[in-house]
Amino acid sequence: MCGVVGIWSLDNLDHEAIVTNMSQHIFSRGPDGSGVWSDVGQGLTLAHRRLAILDVSEAGHQPMISKCKRYVLSYNGEIYNHLDLRKIIDIETRNSVWDGHSDTETLLACISLWGLEATLQKINGMFAFALWDVDNSRLFLARDRLGEKPMYYGRLSKTFCFGSQLNIFSAHPEWIGEISRDSLELFMRYGFVPAPKTIYKNFYKLQAGHYIEINKHGAAIRDPVKYWGLASENLDIDQTRSADNCEYLEDLLVSSVQGRMISDVPLGAFLSGGIDSSLVVALMQSLSERPVKTFSIGFKEKKYNEANNARSVADYLGTDHSEIYVSPADLLDSLPRLVEACDEPFADPSQVPTLLLCELAQKDVTVALSGDGGDELFFGYGRYFSTLRLWRRLKLVPRFLRLCLSQMIDKLPNSILTFFLSLVPVRFLPDHSLDRLLKFRQLLEATDFDSFYETCIFLQSNHPDSIVIGTNETESCFKLAGQQVENYSIPNKMMFTDISIYLPDNILTKVDRASMSVSLETRVPLLDHRIAEFAWKLPFSEKYRDGQGKHILRKILYKYVPREIIDRPKKGFGMPIEEWLTGPLSEWVDEIIGGPELVDQGYLNAELVRKMWLEHVTGARRWHAQIWRVLIFQLWLKSQTKNKQGARP
């Protein structure tokens with residue numbers, strides 16, 4: 001795993017010195033070495049930071065030049081089928097000579113022989129790379145199919161910049177770093193900034209499964225090209241491959257895990273005790289001659305703690321298991337590292353245990369496999385079931401009646417609503433019934449399923465544009481994703497939306513930033529594109545059956561781990577943020593929200609934020625998700641100002 005940096009400009013600045021300085025901002029992505037290469041005549045400079053995993057010798061040094069001298073590559077990732085590709089190249093060329101056994105060299109040889117787009121179709125892995133075509137003075141940026149590795153790009157006044165993280169750009173002399181209020185509004189809505197936007201104006205994320213071509217020193221940027229996607233015409237859904245779906249998927253999983261266990265450095269795995277991570281670890285242990293090193297994290301709060309489940313699985317499989325428990329003090333201690341690791345605001349509370357888990361694993365291994373992706377591909381999230389059930393019920397109510405009920409709830413004072421709720425027997429009321437009723441009002445207003453599903457995930461009764469000052473209304477990225485699969489079934493629409501947005505922009509971003517901040521490479525076997533394509537075509541009955549998701553994964557896992565160890569209610573990889581904010585962290589929250597900075601900065605409606613905090617503290621409402629986003633933004637903004645990275649109103 002590595003870091004990519006580059007600029008393209010015809011100014012008179014010292015480009016090699018600039019990109020070298022920029023690359024220091026991602027030192028942790030590649031502490032084992034660095035390199036710089038320039039095309040002086042064209043003003044193109046590439047830099048690379050290396051975390052040596054395959055071929056730790058100098059034969060894997062980057063940026064790397066192809067044997068034909070036409071291409072130069074700065075690459076971040078792993079190509080798991082690169083040895084198979086070498087065999088094909090040996091047959092086709094009949095005289096290939098290899099300098100080492102790195103996948104970087106293989107990738108360059110593939111591009112030289114087949115071209116970029118054909119190579120992207122053939123390679124199996126996670127990657128983000130910058131490719132310079134010397135002969136045609138063209139720059140290409142590419143990102144893997146499902147978005148495991150990041151790539152950012154944008155223009156300064158005279159310079160086109162690109163690289164693995166946003167924070168590298170702050171080291172360029174032209175950097176201004178103007179915050180996009182529209183992106184901030186999206187962050188307050190979702191807790192992350194969805195691609196292709198970033199928190200900064202004029203800078204973008206390359207979306208998963210895309211590549212982009214840049215010409216004329218970055219003055220000509222073509223629209224990103226989508227080279228892979230589950231909604232493409234050649235991936236018809238719900239097509240049964242054969243009667244042996246379970247065996248076929250198990251073979252794919254074994255192949256995927258085996259490929260991701262190839263490493264010249266120590267390797268282990270994250271283990272939560274759930275279906276996905278347990279399956280990955282079970283397959284790893286079946287392929288290993290020694291106990292696999294596994295790592296888990298827990299909480300003293302029982303309803304969040306999965307460490308005991310993980311320990312049970314580890315004991316049964318015989319892994320070399322380590323675990324750590326997280327406290328509120330650990331959260332406060334980790335916040336500076338979290339902000340530094342996340343180069344734009346990112347407010348998934350599970351980033352805290354993820355970072356601490358990566359720190360634990362990195363003490364023993366350099367590569368860790370994870371079980372991410374199973375929920376999105378095999379209908380595993382609990383919200384899928386509840387959303388589907390609620391949508392079907394609401395559809396039975398005429399829309400005008402739903403709107404009338406929504407308006408009535410909106411206009412009635414909370415005191416009146418509380419009175420009506422008090423008339424209902426307690427056993428029929430959920431916890432925080434008033435809060436749930438007020439947020440349910442939004443669901444009644446949904447005009448289509450895409451907006452309904454987005455509201456179910458990011459439920460709040462205050463619109464984010466009332467929190468962010470001076471923002472324009474931004475079109476829902478969930479609705480845009482849903483339009484790509486307009487005629488698909490509702491379960492497939494939910495999974496597709498999550499695979500397109502939530503998985504790359506939240507889950508994989510969280511894991512990448514946390515792991516790379518401590519120089520740990522993570523690999524995700526379930527996101528092998530062959531598995532993703534197979535899952536997409538799999539009949540829904542193979543994913544959801546008898547009230548449970550991930551049916552086919554369970555069938556495979558039961559071959560390795562007894563059902564009674566696995567079949568427990570899933571708690572998720574969450575954190576008790578709601579309890580901690582009003583408990584041991586309340587003074588810290590008061591200090592940030594009650595200070596003058598909220599008003600002085602001019603980004604957020606300080607009066608509204610403080611009102612939400614008061615309601616949350618008193619128990620009148622539940623605003624923990626929104627309060628956490630405000631806190632994260634404040635910490636991030638402070639770090640930018642402290643480091644003179646130019647974040648300004």
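Leu249 touches Phe378, Ile531, Phe534, Ile552, Leu553 and Ile556, leaving aside residues up to four places away in sequence; contact here means heavy atoms within 4.5 Å. The model is predicted, so local features need pLDDT of at least 70 and side-chain atom pairs count only at pLDDT 80 or more, while totals for chains, interfaces and linings use all residues. Residues are numbered from 1 along each chain as its sequence is written, and side-chain values use heavy atoms, without hydrogens and water.

Leu249 is also among the residues with the most contacts inside the largest nonpolar core. A nonpolar core is a set of buried Ala, Val, Leu, Ile, Met, Phe, Trp, Tyr and Cys residues joined through side-chain atoms within 4.5 Å; buried means under 20% relative accessible area, with a 1.4 Å probe and protein chains only. The two cores are set out below.

| Core | Size | Residues, among them |
|---|---|---|
| Largest | 106 residues | Leu120, Phe129, Leu131, Leu253, Phe378 |
| Second, separate | 74 residues | Ile7, Ile18, Ile179, Trp613 |

Helices are DSSP runs (H or I, at least four residues) numbered from the N terminus.

Helix 5 (residues 181-190) is largely enclosed by the rest of the structure, because eight of its ten residues are buried. Among the buried residues of helix 5 are Leu184, Phe187 and Tyr190. Just after helix 5, Gly191 takes a positive phi of about 90°.

Conventions
Buried means under 20% relative accessible area, exposed over 50%, partly exposed in between (1.4 Å probe, protein chains only). Helices (H or I, at least four residues) and strands (E, at least two) are DSSP runs, numbered from the N terminus.
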